[in-house]
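Hi,

Here is the structure I promised to pass on.

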Amino acid sequence: MEQVNFTLIEVLYTNKQVYLTYYKKGQCITDTGFIQFVDSLGDLFIFIDDVFGLKNKMRLSELVDVRLA
């Protein structure tokens, strides 16, 4: 989780594209896009999907991995 936090901080300031892996309805999903906002106290982050450009609100607790694209 510490590495995920470091990566989240880096991509927020550099606006780099990421591979994001998270749980949704019992499945592990990987998407490509950009992190727009992170609220660690509220367990929330906003991810902009690279394919459709849609904003997705997700819980940080559902996040499995974040890697630079």
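Below is what turned up, going through the helix, the strands, the turns and the charged residues.

A quick word on the source: this is a predicted model, so local features need pLDDT of at least 70 and side-chain atom pairs count only at pLDDT 80 or more, while totals for chains, interfaces and linings use all residues. Residues are numbered from 1 along each chain as its sequence is written, and side-chain values use heavy atoms, with hydrogens and water left out.

Let's start with the helix. Isoleucine 9 sits in helix H1, residues 2–14 (helices are DSSP runs of H or I with at least four residues, strands are runs of E with at least two, and both are numbered from the N terminus). With a relative accessible area of 46%, isoleucine 9 is partly exposed; buried means under 20%, exposed over 50%, and partly exposed is in between, using a 1.4 Å probe and protein chains only. Together with Phe6, Leu12 and Tyr13, Ile9 forms a nonpolar patch on the surface, with about 470 Å² of accessible area in total. Patch members have over 30% relative accessible area and no salt bridge; nonpolar side chains (Val, Leu, Ile, Met, Phe, Trp, Tyr) are joined within 5 Å, and like charges within 9 Å. The areas come from the Shrake-Rupley method with a 1.4 Å probe, and for residues only the protein chains shown count as cover.

Now the strands. S1 and S2 run antiparallel and are joined by 7 bridges (two strands pair if DSSP finds at least two bridges between them). Lysine 24 stands opposite glutamine 27 in S2. These two strands make a hairpin with 2 residues between them. S2 and S3 are antiparallel too, with 6 bridges, and aspartate 39 has leucine 44 in S3 as its bridge partner. Their hairpin has 4 residues between the strands.

Which turn residues have a positive phi? Lysine 25, in the turn between S1 and S2, has one of about 55°, and aspartate 43, in the S2–S3 hairpin, takes one near 55°. Asparagine 15 also has a positive phi, near 55°; this residue lies in the loop between H1 and S1 (18–24). Why point these out? Most residues other than glycine have a negative phi. Asparagine 15 is exposed, with a relative accessible area of 52%, whereas aspartate 43 is partly exposed at 22%.

On to the charges. How many salt bridges does the structure hold? There are 2, a salt bridge being a side-chain nitrogen of Lys or Arg within 4 Å of a carboxyl oxygen of Asp or Glu. Glutamate 10 pairs with lysine 16, their closest N and O atoms being 3.5 Å apart. Glutamate 10 is partly exposed at 32%, and lysine 16 is partly exposed at 37%. Aspartate 65 pairs with arginine 67 at 2.6 Å, and arginine 67 is exposed at 53%.

Last, take a look at aspartate 49 in strand S3. Aspartate 49 is buried yet has no salt bridge, and the nearest side chain of opposite charge, lysine 24, is 8.8 Å away (Lys and Arg count as positive, Asp and Glu as negative; His and the chain ends are not counted). A polar atom of the aspartate 49 side chain does lie 3.2 Å from the backbone nitrogen of phenylalanine 52.

Cheers

Terms used: Polar contact = N/O pair within 3.5 Å; in protein donor to acceptor, adjacent residues only side chain to side chain.
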